[in-house]
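Subject: Handover of a structure

Hello,

Here is the structure I promised to pass on. Please open it first, then read my notes below.

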Amino acid sequence: MSTQCRFCNKDIPFGVNGNRRYCDEDCYNYAKLERTKDKYANNKITLAEINRSENLLKAFYNIYGDKPFDINILRSEKMNWNIRTDSKVLDGINYQIVGLYGYTAFQNKTIQIVKF
Ligand SMILES: [Zn+2]
């Protein structure tokens, strides 16, 4: 029985060192470097999405202030509803926070943006 190196796919002889996943230290280090790069890329995408979402909220806050408006307006700008940096309760209402802005959606398909 043998396993394959997770980086270069070469066979690792079984029995040398229990459950090795890389054939040598180089492969281990390369693999680690790849993971770091992936993580960095993901962080960069997330950060860009946070900025984009915050800018959207800011733009519509500048138009509507904290008055509720049609949620489809924000939807059509491809607001990312999965992005939030925090959540806060204000006057019994739960707000999803993105940077300096928070939003909440109401039953009647309107959305309110507040600035914190
Ligand atoms: Zn290898």
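Two residues count as in contact here if their C-beta atoms, placed from the backbone, lie within 7 Å. On that basis, residues 24 or more positions apart account for 40% of the contacts in the chain with a separation of 6 or more. Keep in mind that this is a predicted model.

Overall layout

The chain has two helices and seven strands. Along the sequence they follow the pattern β-β-α-β-α-β-β-β-β. The radius of gyration is 23 Å, well over the 13 Å that the globule rule gives for 116 residues, so the chain is more spread out than a compact globule. The C-alpha trace spans about 70 × 25 × 25 Å along its principal axes. Of the 116 residues, 11% count as buried.

The sheet

Five strands form an open sheet, and their order is E3-E7-E6-E5-E4. The pairing is antiparallel. Strand E3 (69-70) and strand E4 (86-90) are the edge strands, each pairing on one side only.

Here are the pairings I looked at.

- E3 and E7: two bridges join E3 to strand E7 (residues 110-115). Aspartate 70 has threonine 110 as its bridge partner in E7.
- E6 and E7: five bridges join these antiparallel strands. Glycine 102 is partnered by valine 114 in E7.
- E5 and E6: three bridges join strand E5 (residues 93-98) to strand E6 (residues 101-105). Glutamine 96 is partnered by tyrosine 103 in E6.

Two hairpins are worth a look. E5 and E6 form one, with two residues between them. Glycine 99 sits in that turn and has a positive phi of about 65 degrees. The hairpin of E6 and E7 has four residues between the strands.

The core

Which residues make up the largest nonpolar core? There are eight in all: Leu57, Leu74, Tyr95, Val98, Tyr101, Tyr103, Ile111 and Ile113. E5, E6 and E7 each supply at least two residues of this core.

Tyrosine 101 belongs to that core. Leaving out residues up to four places away in sequence, tyrosine 101 touches Glu54, Leu57, Lys58, Tyr61, Ile113 and Lys115.

Away from the core

Asparagine 9 lies in the loop between strand E1 (3-4) and strand E2 (11-12). Is asparagine 9 buried or exposed? Asparagine 9 has 10, so it is exposed. Asparagine 9 and tyrosine 101 are 92 residues apart in sequence and 48 Å apart in space, C-alpha to C-alpha.

Backbone points to check

Most residues other than glycine have a negative phi. Two lysines here have a positive one.

- Lysine 78: phi is near 60 degrees. Lysine 78 is in the loop between helix H2 (71-76) and E4. Lysine 78 counts as exposed because it has 9 C-beta neighbours inside 10 Å.
- Lysine 109: phi is positive, about 60 degrees, although this residue is not a glycine. Lysine 109 lies in the loop between E6 and E7. With 11 C-beta neighbours inside 10 Å, lysine 109 also counts as exposed.

Best wishes

Technical notes:
Residues are numbered from 1 along each chain as its sequence is written. This is a predicted model: local features need pLDDT of at least 70, side-chain atom pairs count only at pLDDT 80 or more; totals for chains, interfaces and linings use all residues. Two strands pair if DSSP finds at least two bridges between them. A nonpolar core is a set of buried Ala, Val, Leu, Ile, Met, Phe, Trp, Tyr and Cys residues joined through C-beta atoms within 7 Å. A residue is buried if 20 or more other C-beta atoms lie within 10 Å of its own, exposed if 12 or fewer, and partly exposed in between; C-beta atoms are placed from the backbone. The radius of gyration is taken over C-alpha atoms; the globule rule is 2.2 Å times the number of residues to the power 0.38.
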